[in-house]
Amino acid sequence: MFVTFEGIDGAGKSTQARLLAERPRVGAETDAPLLLREPGGTPAGERLREILKDPELSLHPRAELLLFLAARAELVEQVIRPALETGRDVVCDRFSDSTVAYQGAGRGLGVEFVQRACADAVAGCVPDRTVLLQLPVAEAGERGAGRGDFGADRFEREGAAFQATIAGCFDELAAAEPERFLVVDGAGEPGEVHERVLAGLGLDAAPGGRG
Ligand code: TYD
């Protein structure tokens with residue numbers, strides 16, 4: 001199963017992706033899920049990440065889009081597809097929906113244009129489930145401040161209006177594909193949110209845990 005986490009900066013995706021990937025499993029016969037983050041996860045992808053996060057570089061939105069998609073195409077072909085083919089689960093912190101929200105809505109390239117470009121880049125490698133973590137922009141901003149090696153440079157500095165646009169786009173994407181998306185309230189302690197994620201995905205809680 002291929003699961004992605006989406007949401008605005010500071011919504012708690014990275015923590016929740018890690019909790020899902022590292023969750024104790026009873027009698028697991030396959031390897032633990034592979035935990036990935038975007039952009040990155042391959043040698044070329046990490047170098048593209050350096051370019052994308054550099055506040056000194058100004059990038060045209062279309063160039064920015066294509067760099068994110070180049071990093072993703074590498075990740076899909078080198079890592080995600082091979083893992084899924086061996087039956088291993090993959091958990092990814094951000095994927096195509098981030099590109100649609102940030103470059104399509106946020107940067108104004110257009111949602112449908114970016115959706116088509118994303119579809120070309122991943123060549124059929126689409127998440128089975130996507131967890132959208134919802135948190136009010138102000139709350140996410142407080143959580144996110146001073147954290148991460150990326151967002152504060154290029155995207156978090158865009159401010160609350162930009163984040164609100166992104167949040168609105170994520171909500172529309174989730175409404176359009178209710179079977180793929182699981183919308184989860186990101187408020188509260190990480191453990192509580194994790195339980196909501198597990199329940200929503202129909203997975204058992206940790207052995208010995210509640211539920
Ligand atoms: P993020 O997961 O927030 O990185 P970190 O936790 O290390 O700061 O992602 C980095 C930023 O990149 C984030 O602000 C969203 C943005 N982004 C896009 O604009 N388009 C994309 O396709 C992806 C994957 C991320």
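Helix H3 crosses helix H5 in a right-handed sense. A crossing is right-handed if the near helix is turned clockwise from the far one by less than a right angle, left-handed if anticlockwise. The model is predicted: local features need pLDDT of at least 70, side-chain atom pairs count only at pLDDT 80 or more, and totals for chains, interfaces and linings use all residues. Residues are numbered from 1 along each chain as its sequence is written, and side-chain values use heavy atoms, with hydrogens and water left out.

**The helix pair**

H3 spans residues 61-85 and H5 residues 111-122; they pack at about 35 degrees, with axes 8 Å apart. Helices (H or I, at least four residues) and strands (E, at least two) are DSSP runs, numbered from the N terminus. Axes are lines fitted to C-alpha atoms, for helices over the stretch in contact, and angles run from 0 to 180 degrees between N-to-C directions. From H3, the contact takes in Leu65, Leu69, Arg72, Ala73, Val76 and Arg81; from H5, Phe113, Val114, Ala117, Cys118, Ala121 and Val122. Contact means heavy atoms within 4.5 Å.

Thr99 sits in helix H4 (residues 96-106). Beyond its neighbours within four places in sequence, Thr99 touches Leu65, Leu69, Arg72, Gly104, Val114 and Cys118.

**The sheet**

Five strands form an open sheet, in the order E2-E3-E1-E4-E5, with parallel pairing. Its edges are E2 (34-37) and E5 (181-185), each pairing on one side only. The twist averages 20 degrees from one strand to the next. Strands pair if DSSP finds at least two bridges between them. E2 and E3 (residues 90-93) run parallel and share 4 bridges. Arg37 has Asp93 of E3 as its bridge partner. Helix H8 (residues 160-176) lies across E1 (2-6), E4 (129-134) and E5, at about 140 degrees to E4.

**Cysteines and burial**

The structure holds 0 disulfides. Cys92 is in none; its nearest cysteine sulfur, in Cys125, is 9.3 Å away. A disulfide here is a pair of cysteine sulfur atoms within 2.5 Å.

Buried means under 20% relative accessible area, exposed over 50%, partly exposed in between (1.4 Å probe, protein chains only).

| Residue | Relative accessible area |
|---|---|
| Cys92 | 0% |
| Thr99 | 1% |
| Cys169 | 5% |
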